[in-house]
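Please find below a note on the structure under review.

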Amino acid sequence: MIIDVHSHDFPDALAARAMNGMCRMTEGTLWPSGDGTLTNHLDAMELAGVDKAVSCPIATKPSLTDGIIRRAVAIRDGELGARAQRMIIPFASVHPRDPDVRAHLDQIAAAGLKGVKFHCYYQDFSLADRSVWPVFEQIRDLGLVAQCHCGADVGWRDVRGLCGPEEIEVLLKNVRSLKLIAAHLGGSDGYPPHATDRILECGCYIDTSVLARRWHYDEQMRLLRSWPTDRILFGTDFPWVNYTEAIRWVKSVRAPADWPALFGDNAARLLDLRLF
């Protein structure tokens with residue numbers, strides 16, 4: 001069983017515009033392997049033998065939250081096809097500055113969705129800002145999983161101090177027992193070696209969704225090789241990373257005995273998927 005805990009797809013009417021916009025922001029440093037549509041996502045998963053993927057939307061403004069929740073529920077209920085219902089684990093997203101954020105989180109939990117995606121750059125907040133901690137406290141209390149982009153972002157080169165290892169540590173020491181997936185190997189990109197190790201004792205998970213051109217950096221290899229097996233989740237950031245390459249990279253670094261946990265068991269347990 002292979003579960004990707006970090007992927008993206010967009011409604012068909014928005015996919016091309018969203019992908020083009022992000023490519024422009026990164027000034028050509030990102031070359032997607034997919035077109036951003038749900039159908040393309042499912043095809044890529046099947047080709048690489050990926051069984052399930054968490055689809056991670058981002059509410060870049062509060063007004064998008066209702067539509068994001070509706071689409072997540074539609075995927076879960078099979079309204080976007082049997083393949084999507086079987087293969088996609090839809091997360092929702094809320095904006096921390098949404099005046100109705102508490103009601104939206106209650107709605108997400110009541111709908112039976114598994115988690116909530118954040119991106120501090122697109123949503124303009126810091127994990128260390130105490131004003132957003134009540135949002136994460138409610139996520140914890142509702143039994144939801146939080147997933148957040150962590151570390152630097154190629155589209156926001158001059159911005160720091162939002163979601164690096166230090167900010168993750170501050171959040172987790174103030175919102176105890178939060179189930180957090182710290183994406184991109186815990187925000188290692190753009191930070192000194194061993195910076196991410198400070199969050200290990202906080203109990204969060206890191207995912208393997210790093211970009212191909214950075215895969216051979218010493219720090220990223222060290223993290224993937226040395227972090228406890230039960231704290232690493234397979235993630236790709238598809239459509240920005242090819243599934244086959246992402247799988248090959250993890251297998252080249254970790255021993256075969258670790259593969260079941262990294263590729264599926266850890267995610268199934270965290271998300272309570274009851275697959276095994």
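1. Basis of the note. The model is predicted, so that local features need pLDDT of at least 70 and side-chain atom pairs count only at pLDDT 80 or more, while totals for chains, interfaces and linings use all residues. Residues are numbered from 1 along each chain as its sequence is written, and side-chain values use heavy atoms, with hydrogens and water left out.

2. Helix 1. Helices (H or I, at least four residues) and strands (E, at least two) are DSSP runs, numbered from the N terminus. Helix 1 covers residues 12-25, 14 residues in total. From first to last C-alpha it reaches 21 Å, close to the 20 Å expected at 1.5 Å a residue; the expected span is 1.5 Å times one less than the number of residues.

3. The faces of helix 1. Buried denotes under 20% relative accessible area, exposed over 50%, and partly exposed in between (1.4 Å probe, protein chains only). Ala 15, Met 19, Gly 21 and Met 22 of helix 1 are buried. Viewed down the helix axis, the buried residues fall within an arc of 165 degrees and so line one face of helix 1; the arc is that of the directions from the helix axis to the C-beta atoms. Ala 13, Arg 17 and Arg 24 are exposed on the other side. The buried residues pack against helix 6 (120-123), contact being heavy atoms within 4.5 Å.

4. In one of them, the side chains of Arg 83 and Glu 46 meet at 2.9 Å, N to O. Arg 83 lies in helix 4 (residues 82-87) and Glu 46 in helix 2 (residues 38-48), so this pair ties together parts 37 residues apart in sequence. Arg 83 is partly exposed at 24% relative accessible area, and Glu 46 is partly exposed at 42%. Both residues belong to a salt-bridge network that links Asp 43, Glu 46, Arg 83 and Arg 86.

5. Two further salt bridges. Arg 198 pairs with Glu 169, the closest N and O atoms being 2.7 Å apart. Arg 198 is in the loop between helix 9 (183-187) and strand 8 (205-207), and Glu 169 is in helix 8 (residues 165-174), 29 residues apart. Glu 169 is buried at 11% relative accessible area, whereas Arg 198 is partly exposed at 38%. Asp 141 and Arg 140 also form a salt bridge (2.9 Å, N to O).

6. Aromatic pairs. Rings of Phe, Tyr and Trp (its six-membered ring) pair if their centres lie within 6.5 Å; planes under 30 degrees apart count as stacked, over 60 as edge-to-face and the rest as tilted. The structure holds four such pairs. Phe 234 and Phe 263 form a tilted pair, 5.0 Å centre to centre with 55 degrees between the planes, and both residues are buried. Phe 238 and Tyr 243 are stacked, at 5.0 Å and 15 degrees. Ring pairs also join Phe 118, Phe 125 and Phe 136 in a cluster.

7. Charges over rings. The criterion is NZ of Lys or CZ of Arg within 6 Å of the ring centre and within 35 degrees of the ring normal. The charged end of Arg 231 sits over the ring of Tyr 205, 4.6 Å from its centre. For Lys 251 over the ring of Phe 263, the distance is 5.9 Å.

Conventions. Salt bridge = Lys/Arg side-chain N within 4 Å of Asp/Glu carboxyl O.
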